[in-house]
Amino acid sequence: MSRLLESLQSEPALAWKTTVLVLGQPPDSAAARQAALQVAPSPLVATLLSERDASGCLPHHPYKKWNGGHWLLTILADLGFPPGDESLRPLLDPVYAWLLSPEHARYIRMVAGRTRRCASLDGNAAWFTLRLGLTDVRVDELIDRLLAWQWPDGGWNCDKRPEADTSSFMESLIPLRALALYARLSGDPRAAAAAERAAGIFLQRRL
């Protein structure tokens, strides 16, 4: 396996993924941390962040696909970018300013007793904030939202049709990932219970 890791050094993100996802090393293990250190200065990451200006900001709306801050931070977290890099803060703050704005709140709807909301937006933001080690009280607000919006079957959905009564796959998978990580890092029993409920819908559909 060491030969495999050596062969992946030309793309550090693959080495990190192999260490964590194939070898099963925890992201905070010495091996994973060492692999993550090679991700930050990699050509791939340099290209992803190349549009930042001198202040570290991007000239795009946070949700612009696929080079807005929301998506870049999601990708960096997925690639194994090392946590605690404050240079990413100028990308993070506009994401929260957008998600927590009164204007954005207009898109939250309650229809037939269920909150119709693209929970993947808040789920992704909570997840990459935690993964990238940039956590502050705003993450708690996103988690509280996910808990409040959870549907009776354990998932989430943004379908505004009154007859829609089953949660969406992607709108549930991403919040599940965020809640599970939040529960592991914070020990919050509410998040753990919500993640377990969400995981249950995937088990049921698989059966």
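**Reading helix packing, burial and backbone in a predicted model**

Author: Leu 92, Val 95, Tyr 96, Trp 98 and Leu 99 in helix 6 meet Leu 121, Asp 122, Ala 125, Phe 128 and Thr 129 in helix 8, where contact means heavy atoms within 4.5 Å. Helices (H or I, at least four residues) and strands (E, at least two) are DSSP runs numbered from the N terminus. This is a predicted model, in which local features need pLDDT of at least 70 and side-chain atom pairs count only at pLDDT 80 or more, whereas totals for chains, interfaces and linings use all residues. Residues are numbered from 1 along each chain as its sequence is written, and side-chain values use heavy atoms, with hydrogens and water left out.

Reader: How do the axes of helix 6 and helix 8 cross?

Author: Axes are lines fitted to C-alpha atoms, for helices over the stretch in contact, and angles run from 0 to 180 degrees between N-to-C directions. The axes of helix 6 (residues 89–99) and helix 8 come within 11 Å and cross at roughly 150 degrees, which means that helix 6 is roughly antiparallel to helix 8 (over 145 degrees). The residues of this contact of helix 6 with helix 8 comprise eight nonpolar, one polar and one charged, where Ala, Val, Leu, Ile, Met, Phe, Trp, Tyr, Cys and Pro count as nonpolar, Asp, Glu, Lys and Arg as charged, and the others, Gly among them, as polar.

Reader: Which residues of helix 8 and helix 10 meet?

Author: From helix 8 the contact draws on residues including Gly 123, Trp 127 and Arg 131, and from helix 10 on residues including Glu 171, Pro 175 and Tyr 182. By class, the contact of helix 8 with helix 10 holds 11 nonpolar, three polar and three charged residues. The axes of helix 8 (residues 119–131) and helix 10 (residues 169–186) come within 8 Å, crossing at roughly 35 degrees.

Reader: Is Leu 72 buried or exposed?

Author: Leu 72 has a relative accessible area of 2% and is therefore buried (under 20%, with exposed over 50% and partly exposed in between, for a 1.4 Å probe and protein chains only). Leu 72 sits in helix 5 (residues 69–79), and, leaving aside its neighbours within four places in sequence, it is in contact with Leu 48, Leu 58, Trp 66 and Asn 67.

Reader: Where does Trp 66 lie, and what joins it to Lys 65?

Author: Most residues other than glycine have a negative phi, and most peptide bonds are trans. Here a cis peptide bond joins Lys 65 and Trp 66, with omega about 0 degrees, and Trp 66 lies in the loop between helix 4 (43–48) and helix 5. Ala 112 has a positive phi of about 50 degrees although it is not a glycine; its place is in the loop between strand 1 (109–111) and strand 2 (114–116), and Ala 112 is exposed, with a relative accessible area of 53%.

Reader: How many disulfides does a search of the whole structure find?

Author: A disulfide is a covalent bond between the sulfur atoms of two cysteines. The search of the whole structure finds zero disulfides (pairs of cysteine sulfur atoms within 2.5 Å). The sulfur of Cys 158 is 3.2 Å from the closest cysteine sulfur, in Cys 118, too far for a bond. Cys 158 is partly exposed at 24% relative accessibility, and Cys 57 counts as partly exposed at 27%.

Methods
Parallel < 35°, antiparallel > 145°, perpendicular 65-115°, else oblique.
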